[in-house]
Amino acid sequence: MTTRKTPDQLRSARWFAPDDLRSFGHRSRMNQIGYDVAEFAGKPIIGIVNTWSDFAQCHAHFRQRVEDVKRGVLQAGGFPVELPAISLSESTVKPTTMLYRNFLAMETEELIRSQPVDGVVLMGGCDKTTPGLILGAISAGVPAIFMPAGPMLRGAWHGKTLGSGSDAWKYWDERRAGAISAQDWNEMQEGIARSYGVCMTMGTAATMTALADVLGMTLPGASSIPAADSSHIRMASATGRRAVEMVWEDLTPQAIMTGQAFRNAIVVAMAMGCSTNAVIHLLAMARRAGRDITLEDFDAASRRVPVIANIRPSGDTYLMEDFYYAGGLRGLLTRLTAFLDLTQINASGRSWAESLEGAAIYNDDVIRPLDKAIYNEGALALLKGNLAPRGCVMKPSAAAPHLLKHSGPALVFDDYAALKANIDRDDLDVTADTVLVLRNAGPQGGPGMPEWGMLPIPTKLVKQGVRDMMRISDARMSGTSYGACILHVSPESYVGGPLALVRTGDVISVDVDARTISLDVPEAELAVRRAALAPPPPRYERGYGWMFSQHIKQANEGCDFDFLETQFGAPVAEPSIY
């Protein structure tokens, strides 16, 4: 039987229960806001960390959803308080939201620790908000449940179904080739994102909310519900109700997010045709939770788990709305039981075996049987070699098959500005066999590891009909992207990684099946080049950027700050109240 807390054991009681001067001040200031003591005394106080802003298009419905969550908290006998946090709009935040994922994690942790809250509801969904919020909640250590934003409705243009991101890249190449007009492009702009909610392709947002679900941080299956569906409203209030019960049960992220829960998440990531960004974020969360998860766990899963979610960009037809109608995440899990540990619990307090009771699949083309997979191995491949001694990531399920074993001469760009200035030149010395290389785009070099990794195909090749070629960088790419892009090269070039040694014309060889990537240059020559490297100038002189550059880890370790990882520091004590 679950041991339940009593009101005097609530964390918030430290602020409000004592008969002393300091608690008098706490209670009187709550009165000042308009709250009677009877409204919150002896009840679980639920902090609702809301990442809404006028720039956060994916979270445009959060002003209403926070009220839905509050309603659920009140129904369950708790007291809700909204705690606004930094908003990370993937489209508008520059140079990249990845620069601020750890900022959101720190803010979430400190909001929770410094305030009289007993548990939290984390409201997120847009790419970095899911890992950022969960990272903070792991370290804060109070009961927490995640409320996913949900995918937007499918896009539409001229009778075609559009997928956010993926079709933008696709049709931009067509416009560059002269195949569609400016009017077509403008009409597409108005039809590709038709509602609030996250990208409805299997991008980073849909990937990470699904993985938060599998990790046990949401109500089971909550991640699949479209943002505009009325079921999403009901899920929000149910999340609020469950948050109260989790406080009484003292069900914390540490109890839910076990090492095996992370391995379950990696299995599902592979089967979904996940975003490459899943690697960085899962590694960061696992290390924050003190779980022993490495790149090798991803590669092991990729060798045995097929891609069965036929969702763009790995799939060729369907979007997240179709995935929901086909049975959603719970349906997908029923196809993966041989790979999963279903004894793991989730935010409902039940095991996954119990949570899958009644789950079904309603469309075998959207969620494929294992013997009819869209790709027979997992979504990702982890490559190593003298160009990436600590590893790099590729999404072979979204690449042209002929490029999975490839050798070609490098064409090197030292930064994105150089790439942009030259990629459209008609006289660019490039062929379909060339390997495009972008460096100085990693965690330090970007800065923040921007999503520049889907390097554009040179315009002269686009006009010749080329739609994929080998591309390598220490950057990330959008989860909605596709193509033969090798990413997260570690260590990055900005700190002297081997990518810094590549020169235009050097031959680079990739063998995805063998999981190798090599720069075909003699080691003696590389040593000469390494000795000639000059350290880059400092990126920042002050502020958050300075702290970021001093403490950010490399991609193969999840890009957390070194001082935030659990294994490098003792848990932070509760604040003193005097």
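The dialogue below walks through several features of a predicted model.

Q: How many salt bridges does a search of the whole structure find, and which residues are linked in a network of them?

A: As a general idea, a salt bridge is a side-chain nitrogen of Lys or Arg within 4 Å of a carboxyl oxygen of Asp or Glu. In this predicted model, the search of the whole structure returns 42 salt bridges, and a network of them links E90, D127, K128, E451 and R476.

Q: Which salt bridges does D68 form, and where do its partners lie in the helix?

A: D68 forms a salt bridge with R65, where the closest N and O atoms are 3.6 Å apart, and the side chain of D68 also meets that of R71 in a salt bridge with an N to O distance of 3.0 Å. R65 and D68 are 3 residues apart in helix 4 (residues 62-75), and therefore about one helical turn separates them. R71 and D68, both in helix 4, are likewise 3 residues apart, about one turn of the helix.

Q: Are D68, R65 and R71 buried, partly exposed or exposed?

A: The cut-off to keep in mind is that buried means under 20% relative accessible area. D68 counts as buried because its relative accessibility is 3%, and R65 is buried as well, whereas R71, with a relative accessible area of 36%, is partly exposed. For another case, take the salt bridge between the side chains of R530 and E523, at 3.5 Å from N to O, in which R530 is partly exposed with a relative accessible area of 39%.

Q: How many residues of strand 3 are buried, and which residues lie on one side and on the other?

A: In a regular strand the side chains alternate between the two faces of the sheet. Strand 3 (residues 119-124) is mostly covered, with 6 of its 6 residues buried.

Q: Which strands pair with strand 3, and in what sense?

A: Strand 1 (residues 45-50) pairs with strand 3 in the parallel sense over 5 bridges, and within this pairing N50 stands opposite M123 of strand 3. Strand 3 also pairs with strand 4 (residues 144-148) in the parallel sense over 5 bridges, and here V120 has A144 in strand 4 as its bridge partner.

Q: Where is A284, and with which residues is it in contact?

A: A284 has its place in helix 13 (residues 277-288), and its relative accessibility of 0% is why A284 counts as buried. Leaving aside neighbours within four places in sequence, A284 is in contact with R101, L135, G558 and D560. The C-alpha atoms of A284 and G34, by contrast, are separated by 40 Å, the two residues being 250 residues apart along the chain.

Note on methods: Residues are numbered from 1 along each chain as its sequence is written. This is a predicted model: local features need pLDDT of at least 70, side-chain atom pairs count only at pLDDT 80 or more; totals for chains, interfaces and linings use all residues. Side-chain values use heavy atoms; hydrogens and water are left out. Helices (H or I, at least four residues) and strands (E, at least two) are DSSP runs, numbered from the N terminus. Buried means under 20% relative accessible area, exposed over 50%, partly exposed in between (1.4 Å probe, protein chains only). Two strands pair if DSSP finds at least two bridges between them. Contact means heavy atoms within 4.5 Å.
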